[in-house]
Amino acid sequence: MEDQVPASMDKHLDVLQINGNGGLLLGASSLTGRYWLGSLWYYTNPERAPEVDKCTAGVQLEAGVRDASWVDTQRVLVGLDTGGAALWELQDENKLFGMISSANEHDNMVSSVSVNSDASQFVTASYDHTIKVWNPDLTSLYTYKAHSDIVWDVQCHPTEPALFLSCSQDGKTVLWDSRESKPATLIGKCTPGFSPTCVRWQPSARNMYAVGDEGGNICLQDLRAVVEKTVTYQPHNRFVTRLAFSPERPNLLASVSEDCGTVVATTNASSADVLYKSTGHTDFVCGLAWQTGDRLLTSSWDGRIIQHVIGTSGVNGGPEVKVNGDIEVDEQPGSNPS
């Protein structure tokens, strides 16, 4: 194990993913020098990240890490900036990363990966404008070309294995059904003039999803044609990098952005109200994961991981924040969303 773990942590912390055992996968990239490298790290105790000597397992990669998604508690699908996808497994009682399979079929960076609800298929999106659907051994099944620009995000439905969403710089958000001969259905644009950048299904509602865009807007929509109500709010003023609904409290939607902010809103079919806002990071915030129903982890290109404690006092209550093991208080408890 000691020979495999990298000597230092890459600064750009892009990926945070909690598995079913409560362990944390951290994906980092160097993004400097002639060749971009990356690394994967696993922490049985997420609060110890990103300390190198506190990880259970770590491995250096020959490419930057763009996204990752747990397949189960041991295997994780990783998207790379080379256009490749790889399946890694925690081995030897979580002390070692072993690569099971890999494929390199995209012609540009893999921007997003997702695993469907029964782990029978994987989906990847890329800067090459395509979406690919894979078998679990990373043999490709389909290549979809409905988008005409970078596909920023794909997200599989939480209970329907054949359904997933995608969004692109071309302005389109698309619903996909891999069972159909014509699988793509355009489901529109939330905020005119802005391209969607990330999508997430609400885990407790089969038809509800959220879309973030490059202007900092987030909208909540219902797929059912009879429902015309759309809830839109603007918690950020720049590109929304990631969204995450709380698995335990699915009315809570967290978002992070290139404006360095982290926001949690309470949502329903008719409104969205900001409950919590933090500006603790000093660079793009790219990693986002719910640790528990009221604790949120974020990671940034500033090299830090922050734990946010989401209470009911919210924006006006000065929520407690844990940064790399040290307790801090949010310096802007009274700030309002941009």
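In the predicted model, the second largest pocket holds about 390 Å³ of space. Its lining is made up of 18 residues, and of these Arg66, Trp152, Phe239, Thr241 and Cys286 lie nearest the centre of the pocket. Several strands take part in this lining, with β5, β9, β13, β17 and β21 each supplying at least two residues, and the largest share, three residues, is contributed by β17. When the lining of the second largest pocket is divided by class, seven residues are nonpolar, four are polar and seven are charged.

The largest pocket, for its part, contains about 1000 Å³ of space. A total of 38 residues line the largest pocket, and those lying nearest its centre are Gln17, Ile18, Ser69, Gln155 and Pro247. At least two lining residues are supplied by each of the strands β1 (12–18), β5 (65–70), β9 (110–115), β13 (151–156), β17 (196–201), β21 (240–245) and β25 (285–292), while the largest share of the lining, five residues, comes from β25. By class, the lining of the largest pocket comprises 20 nonpolar, 13 polar and five charged residues.

With regard to the strands, β5, β9, β13, β17 and β21 each provide at least two residues to the lining of the largest pocket, and each of these strands likewise provides at least two to the lining of the second largest pocket.

Technical notes: Residues numbered from 1 in each chain as written. Predicted model: local features only at pLDDT ≥ 70, side-chain atom pairs only at ≥ 80, totals over all residues. Heavy atoms only, no water. 1 Å grid on protein atoms, 1.4 Å probe; cavity = no way out; pocket = protein on both sides within 12 Å on 5 of 7 lines; lining within 4 Å. Points joined across faces, edges and corners; volume = space filled by probe spheres on them. Helix = DSSP H or I, 4+ residues; strand = E, 2+ residues; numbered from the N terminus. Nonpolar A, V, L, I, M, F, W, Y, C, P; charged D, E, K, R; others polar.
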